[in-house]
Amino acid sequence: MSLLSLCQMRFLKISGGIFENPFKTKMEPNWTSWPVLEEEMFAFSSQLGDATAQLKQAFKDPAIIPALCAVMSGSQNPQIRQSAAVMLRLRVKKHWKKISPNDRESLKAVVLQAFMQETEHTVQHSLSQLCAVMVKHETPDRWPALLQLLNQSTKSSNPNDRQVGLLLLNKVMESNPEPFKPHYCQLLQLFSTVLQDHNNPTALYYCILTLTAITAFTGSEEMNQMRSIIPGLIVALKHLIKADQGQASEAMEVFNELMESEVSIIVPHVADMVRFCLEVGSDTALTDSLRVKALSCIAFLIKLKSKTVLKQKLLNPILQAIFPVLTAVPPPGEEDPEDEEDDSGDGTDNDNPKHCAAQIIDTMALHMPPEKLFQHLMPLTQSCLASENPYQRKGGLMCLAVLAEGCADHIRTKMLSSVLQTVCQSLSDSNQVVRSAGLFALGQFSEHLQPEVSKYCAELMPLLLGYLSSLNQAKVGHVTKAFYALENFMENLGADIEPYLPTLMDTMLSALNSTDNLKIKELAVSAIGAIANAAKELLVPYFPPVIESLKGFLTTTTEEMRSLQTQSLDTLSVLARTIGKDVFSPLAAECVRLGLNLTDTIDDPDLRRCTYSLYSAVSTVSPDCLTPHLTAITTVMLLALKSNEGITAHLEEDKTFVLLDDDDDDNEEEKDADDFLEDDTETDVHDVAGFTVENAYIDEKEDACDALGEIAFNTGAVFQPFLESSFQQVYEMRDFPHEDVRRAAFGAMGQFCRAQHKVWNENPNEANHQALLKLLDVVLPCFLETVRTDHERQVVMGVLETMNNVMKSCKEEVFKNPARLKEISYVIRDVLKKKTVCQDGGGDEVDDEDQQAEYDAMLQEFAGEGIPLLASSVPADSFAPFLNDLLPLIMGKAKSTCTVADKSFAVGTIGEILQALVGVSGGRGVAGRLSNRLLPVLVAGVRDSDPEVRNNSVFGLGCLAQAAGPIVVSDYPMMLSVFSNLLVKESDLRVIDNLCAALCRMIMSNVEAVPLEQVVPALVNRLPLKEDMEENKTVFSCLAMLYTNSPALIVKLMKPIVAASTHVLGNKDVDNETQNTLAALMREFAQHHSADFQAAVTSLPGEQQATLSAAIAAS
C-alpha cells in the first residue's frame, strides 16, 4: 500500500481527535464523503446551482480536512485537486490549533506526498501555498521532511524538479522568511548556482523572488555572499527578459528590496546595475511596464544614494540615456497620454517611460546639489529647446518644469529671467504639444519660485489672460492646462492682483453662469479660490454672486456634479479664510450644516475630505458655530481614520473560495484564549499579492488629521471631551505607510499639545496642567524618534516644523521633563551633522559640506530654527553647553564658499539665538562669552554681495549689542563704522530698515557709547521703514526712550519723526503696542511742544494730517 493510502487510512482511523469518519451514515447527504465532495466541488467550480451553500455546510463538519486531503491526492481532475488544496489551506490556516499533534504529522506527510506526485503547475502552486501556511505554524525545524524535499528537488539534475522545488521554496520563504535564517548561507550558495541556469527561466524567476523575500532579513554574516550574487543576478535578469517580460518585471523588484533593506550590498555594483536598468529603460522593443520598472529603479537609487551616483560619475550616462526617452516622438497616430484631449491634467498616468524619465530628473533635482546637476543637464536641455522637433522642445520644457521644486533657489538666484523668457516664448509656439508643456512649466515655476517669479507680474498676467481668452473652450484638456498655469501664478500675487481683478472675476463669473460644460465651471470655481488667496478682502465686492453660484452647485445631488461640488467646497474653505471675518461669519453656521448634510447623503471620500477642510476653515472665523456639531464632525473624521476602505488586498485566490470559510467557529463561546490571540478576520499576508490604496482615501485621512488638529486648537475648551479619542486615533496613524498621512498625523499631534496648553492657560488648574505634561511626554519622544528613523525627508521636515511650533507655544512646559533639553538638542545636532536615516546618515561617503541638495539644506534649516526656541525657553546657563555644541555647526554654513541660502540661514539663526538670549536669565553673560566668536562672522556677512545675507547679518549685530550689553561696548566703534559705510551705499530697502533697527538696539543697550548727534539724524532720515514693518517696534521704542533721556535732540528732529509716524499709525501691518507707543509720543509732542508739533503737522498732506489726528484721538 502506498504512503498516500496509508495516510488516508490513518486519517480515517483517528479517534478522539477532531476528525471523525467522514463516511459515517447520515440522514442528509454526507458532503464530506470523497465522491460527493468531489461532485460538489466540480459543481462549485462550474458555478452550478447552490453548490456554495452545500459546500459551506460541509465546511462546518470537522471531517472536511481528511476528505479534502483525499480529493487533493486522488482526484483525476486537476482543477478539483487545485480547489481542494486551496480549500484545505483556508481550513488549516484557521483551525491549525485544533488539530492534534499526530494528525498534524499525518497532514504534513500527505501534503508533501501530493506535491511530489503532482504534475500540473497550477496545482503545484496551490500545494506550495498550503505548505507555506503550515510552515508558518510549524517552523522549518519541526518539519525535517520539508527541508529534505527542498534540498533534493532544488539540487536535482532534472530541470523540471528544480523548477518545482524552487516554486515550493519561494512560497514557504515568502510566507515566513525569518525562521529559515540559519539556512541563509546555504540558500545563497544555491541561488548563486541557480542564477547560472540560464536555460531554465522559471527556475530563475522563482530563485529571484525568493532572494527578494529574504533580503530584508539578511545580516552582516550574509553580506559578502549577497554582494557576490549581484553580477550573476543582472545576467540572469537579462535572460529572463528574453523568456518572459512579465516575470522579469516582477523579478526586478529585487533591486528595490536590496536598495531599501541593505543598500551597501548594491554600492559596489551600482554602475553595472545602472547600465542594465538604462539598457532596459531605453529599449523600445520591450513592454512599457518593464521599462518603467527599470527606470523607477534608477529614480529610487538616486533618492537613496545620490552621493554614490555622483561619486561613480553616473550622472552624465544616466542623462544621456534618458533624454531620448523624454523626447521620444509617440507612434504615428498616437499622442503622449498627457496631450490627449481627455487627459484629466492631474498627472495620474505614471506608467509610461517618458513620465519615468521626467521623474528621474525630478528626483535628481530633489537629491543632488544644483551646481553639479546643472553642469551636465543644461547643455542637453538647451539643445532640446532649440530643436526643430516639437517633442524635443516639449522635453526641454518638461525638464525645466521638474527642476523647479528641487532647485528653486538656484533657478531664482541665477537664471530666472532667462528661463521665464524661454517658457513665455513657448506659449506662442505653433505646436499645441509645446504650448501645453510651457503652461505646465509656468505653473511649476509659479508654485516653487516665489517670491521672485511674482515680480514678473506685469509681463505674465496680460500674457496668461490673453492666452486664456483666445482658447477654444471645446478643447477642455488644453483649457485645463492654461487654468493650471494662471491659478498657480495668481495665488501668490497678493495685493498686486488688484489691477487684474475686474477682468479675472468677469471671466470666472461668466464661466459659472454661461457655459454648460461642467469641467469649465469646475476650473473657474478653482480659479476663484486662487484669486481669493491673493486678493483677500479685495474680493468682497464679488462675494455675493460667487456665494450664490457655489450654493447652487452644493445643493444639487446628481452624480455628474460631484467633482464640481468637491471643488466648490474647497473654494468655500478658501473664502472663509481670506474674505474677512465680518463678511464670512454670517454664513458660518449654514456652511457647517451644508457640510453635514452632504456627508449624510453622499458617500464619497473626496467630498468628505473637503467638508473637513471647510469645518477647519470655519473654526478660524467662527469657532462657536462648530460647537453644537462637534460630536457629528469628530465621529465622521475618526471613522475615516479607522477605516480600511479604499485599501484593497489582492488575494491570489478567487474570493469565492474565501466565502466558503467566512463563518467563524459556530460556538463563539468555546473559543479559548489562544484563539483570540490569532485574529482570524485578518487577511493572511501570504494570501495577499499586494495592496492598492486609492488616493482619495489617503487624502481623506490626511485632511482628517489636519482638520482635527486645527479645530482642536481653534475651539479650545469645548473640544476637550473629544481630545482623547481624537488623539488616540491620530496617534495610530504615525506608522501609516503613506508619508503624507504620517506627516499630517504628527502635525495634528502638535496641534493637540498647543490646544491643551491654550486650555490650561485659560483655565490654569492642576488637571489641565497634568493633561498637558502627559500629552507632551507621549508626543515629543515620538517626534524625536521619527526625526531619527523616518525614511522620508518631507515627514522629518514636517515633524521638525511641528516640534518648533510646540516649543514656541508651550515654551518652558516642554522642558519640565529634565531629559528633554538634552534630547531635543541632540536631535538638532544629528540633523545638522546629517546623521539621520532620511539624510542617508551613517554612509561611508565623505560629505562635501559646501554642496548639497536644496531640500537637504532646507531640512537642516528646520532643525536650526529650533535652536533659538530652545534658547528662549530655558535659563541660558542650562542651554549653554548644548549651544556650544551646536554653534560651530551653524557657523560652518556662513563660510564664503557656502550657498547664499546656507549663509543667510547661518547668520539669521545666530541673530535669532542672540535675540532669544535677551529675554532669559543669564542671557547677557552667555551672549558676552560668545561675542568674540560671533562678531567676525556677522561683520563678514554685512559685507556679503547678497542682500538677504547682509540683512540677516545687520540684524544679528544689533541683537548682539542688545544681548551682550556692556560686554561689547569696546566693539561699538568698529560696529558703527561698518554700519556707517553700509548706510552710504546700501540700496536694498529691507537692509536699510534693519540697519535702522540695529542702530536703535545699540542705542537702547548702551546709549552712552553711541554718538547720538551723528547717528540719530542719519537714522531718522531713513524713516519710515519700507519693508520690515516688525522693526517699527524697535525704532519707535528707541525714539520714545531718547525723548525721555535727550528730549532736545528728538524735538530737533520732530518734523521727519511726525511725517514717518503717519505711515505707521493705522497701518494694519504694525502691532497695537507699537502704535500705542507712537501715539503716546505724538501726544507728548502736542502737549509739551505744541508750536513745533503744529508746524510739523501742517507741513503734511491733508490725508496724513487726518490719519494723525484720528490716531491720537483714538489712543
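Lys313 sits in the loop between α16 (288-311) and α17 (315-326), where helices are DSSP runs of H or I with at least four residues, strands are runs of E with at least two, and both are numbered from the N terminus. Lys313 has a positive phi of about 55° although it is not a glycine. This is a predicted model, so local features need pLDDT of at least 70 and side-chain atom pairs count only at pLDDT 80 or more, while totals for chains, interfaces and linings use all residues. Residues are numbered from 1 along each chain as its sequence is written, and side-chain values use heavy atoms, with hydrogens and water left out.

- How exposed is Lys313? Lys313 counts as exposed, at 68% relative accessibility; the cut-offs are under 20% relative accessible area for buried, over 50% for exposed and in between for partly exposed, using a 1.4 Å probe and protein chains only.
- Lys811 also isn't a glycine, and its phi is positive at about 40°.
- You'll find Lys811 in the loop between α39 (793-810) and α40 (820-832), and it is partly exposed, with a relative accessible area of 32%.

**The chain as a whole**

- Of the 1115 residues in the chain, 56% are buried.
- Take the contacts (heavy atoms within 4.5 Å) between residues at least 6 apart in sequence: 74% of them join residues at least 24 apart.
- The accessible surface comes to about 46,400 Å², with 51% of it belonging to carbon and sulfur atoms; these areas come from the Shrake-Rupley method with a 1.4 Å probe, and for residues only the protein chains shown count as cover.

**Cis prolines**

- The peptide bond from Gln450 to Pro451 is cis, with omega near 0°, and Pro451 falls in the loop between α23 (432-448) and α24 (457-469).
- Leu1023 to Pro1024 is also a cis peptide bond, with omega near 0°; Pro1024 belongs to the loop between α49 (1012-1021) and α50 (1032-1045).

- With 17 residues, helix α6 (residues 101-117) should span 24 Å at 1.5 Å a residue, and its end C-alpha atoms are 25 Å apart, which agrees. The expected span is 1.5 Å times one less than the number of residues.
- Buried residues of α6 include Asp103, Arg104 and Lys108, along with Leu107, Val110, Val111 and Phe115.
- Helix α32 (residues 630-642) has 13 residues and runs 18 Å from its first C-alpha to its last, close to the 18 Å expected at 1.5 Å a residue.
- Among the buried residues of α32 are Leu630, Ile633, Val636, Met637 and Leu641.
- What do the buried residues of α32 pack against? Their partners are α30 (581-601), α31 (605-621), α35 (695-715) and α36 (720-732).

**How α28 meets α29**

- Two packed helices are described by the angle and the distance between their axes.
- The axes of α28 (residues 543-554) and α29 (residues 562-578) come within 9 Å and cross at roughly 145°. Axes here are lines fitted to C-alpha atoms, for helices over the stretch in contact, and angles run from 0 to 180 degrees between N-to-C directions.
- On the α28 side, the contact is made by Phe543, Val546, Ile547, Leu550, Phe553 and Leu554; α29 brings residues including Leu564, Gln565, Ser568, Thr571 and Leu575.
- By class, that contact has 10 nonpolar, 3 polar and no charged residues. Ala, Val, Leu, Ile, Met, Phe, Trp, Tyr, Cys and Pro count as nonpolar, Asp, Glu, Lys and Arg as charged, and the others, Gly among them, as polar.

- Gly438 is in helix α23 and counts as buried at 0% relative accessibility.
- Val423 is 15 residues from Gly438 in sequence, and their C-alpha atoms are 5.4 Å apart. Not counting residues up to four places away in sequence, Gly438 touches Leu397, Val423, Ser426 and Leu427.
- Arg89 belongs to helix α5 (residues 78-95). Buried or exposed? Arg89 is buried, with a relative accessible area of 1%.
- Arg89 and Cys131 are 42 residues apart in sequence and 8.3 Å apart, C-alpha to C-alpha.
- Met415 lies in the loop between α21 (408-414) and α22 (416-426), and is buried at 15% relative accessible area.
- Leaving aside neighbours within four places in sequence, Met415 is in contact with Phe374, Met378 and His410.
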